[in-house]
Structures are given as C-alpha cells and as structure tokens.
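Thanks for making time this morning. I would like to walk you through one model, beginning with a single residue and then widening out to the chain.

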Amino acid sequence: MAHEILVGVSGGIAAYKTAALVSDLVQSDLGVTVVMTRAATKFVGPATFRALTGRPVYTRMFESAQFPLGPHIELARQAELLCIAPATAHCLAQAAQGMADDLLSTLLLSFTGPVVLAPAMNTEMWQKPAVQRNLQQLQEDGLQIVDPQEGWLSCRQKGIGRMAEPKTIKSSILAALAR
C-alpha cells in the first residue's frame with residue numbers, strides 16, 4: 001500500500017516549486033493530498049495541484065459534508081506524514097506558538113505523525129531573531145526543518161532563504177517515512 005502524505009502550501013512565491021515536489025511524489029507512487037492557505041492560492045492555483053494529484057485540494061476550514069468531523073481531523077487521520085512547503089515566516093510563527101486560524105494551521109495541530117517543514121522567505125526575514133527562535137522551538141517540538149538555500153530570491157537579491165529544491169525535500173520526506 002502506498003504511503004499517504006499531506007502537502008501544505010503556505011503563501012509564498014516558492015509555492016511554484018511545490019508543484020514540482022508534488023508531481024515527483026505522485027510519480028513515486030505516494031498518495032498526496034494538498035492543503036493550501038488562502039494566500040498560497042494567490043501564487044499557484046488549486047487547479048494545478050488537482051491536476052497533479054488527481055485529488056481535491058482543500059483550502060477552507062469548513063469544507064463540504066465530506067468531513068463530518070472537520071477536514072483538519074479527518075485529513076490528519078488519513079496521512080502518515082505532513083510536509084509544509086513553502087513554510088513562510090507567518091506559518092512558522094503560527095506553528096511555534098500553536099496558533100490555528102485556517103485549515104493548514106489547524107491541521108498541523110491535529111496531526112500526530114512526522115512533520116517536515118521547508119521554510120522560504122527573504123534573507124532579512126530569515127535572519128530575524130524571532131524567526132530563528134520559532135525554528136528552534138519547532139525543532140525542539142520534533143518537527144524536521146529542511147533548511148533553505150542561498151541563491152537568487154524573488155526580491156531580486158541573492159541570499160539565504162530560497163526554499164530547498166524539490167528533490168531535497170522529497171529525500172527528507174522519504175527518510176522520515178522510513179523511520
């Protein structure tokens with residue numbers, strides 16, 4: 001039986017790379033369900049992920065009657081691993097503080113399996129003490145961080161903060177599933 005994973009997409013320009021990650025995961029015979037924040041849909045549309053997975057894409061806390069217990073509960077119970085890529089500074093702060101105000105952040109609180117986070121943001125944001133404290137807290141909480149890379153950023157500068165390449169994130173996902 002194929003592994004079932006959830007891929008959460010938060011609102012950053014790196015969401016375009018998540019489409020390649022999802023495609024690669026599906027081609028590796030993994031069952032993939034995508035959950036997007038409202039901000040993420042401004043960068044890549046749900047139709048992209050529907051086409052890549054052949055499954056519905058979830059964006060709202062209160063979806064249809066398909067989830068009588070709520071999508072955050074039922075989706076969490078169906079998956080073995082949750083990966084959030086990109087994990088924006090906002091997403092990391094929510095996760096570190098246990099805040100839940102949308103489907104993805106609520107799902108993260110409900111999920112009991114391994115979690116892989118692939119941060120992506122501007123260099124100045126990445127280097128802020130608050131972001132680094134949030135990352136440290138998340139690592140202490142047992143979440144796996146796939147560190148961003150140095151390179152060209154959408155803010156037209158070079159620096160640290162570029163989301164790891166899809167193959168790197170996939171390797172982290174497969175390693176976490178093997179444990």
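**One residue, then the whole chain**

T123 lies in helix α6, which covers residues 123–127; helices here are DSSP runs of H or I with at least four residues, strands are E runs of at least two, and both are numbered from the N terminus. Before I go further, please note that this is a predicted model, in which local features need pLDDT of at least 70 and side-chain atom pairs count only at pLDDT 80 or more, while totals for chains, interfaces and linings use all residues. Residues are numbered from 1 along each chain as its sequence is written, and side-chain values use heavy atoms, with hydrogens and water left out.

Is T123 buried or exposed? Its relative accessibility is 10%, so T123 counts as buried, where buried means under 20% relative accessible area, exposed over 50% and partly exposed in between, with a 1.4 Å probe and protein chains only. Setting aside neighbours within four places in sequence, T123 is in contact with L153, Q157, G159 and I160, contact meaning heavy atoms within 4.5 Å.

Turning to the protein chain, 51% of its 179 residues count as buried, and among contacts between residues at least 6 apart in sequence, 70% join residues at least 24 apart. The chain holds 8 helices and 8 strands. Its radius of gyration, taken over C-alpha atoms, is 15 Å, close to the 16 Å from the globule rule (2.2 Å times the number of residues to the power 0.38), so the chain is as compact as a globular protein of that length. Along its principal axes, the C-alpha trace spans about 45 × 35 × 30 Å.
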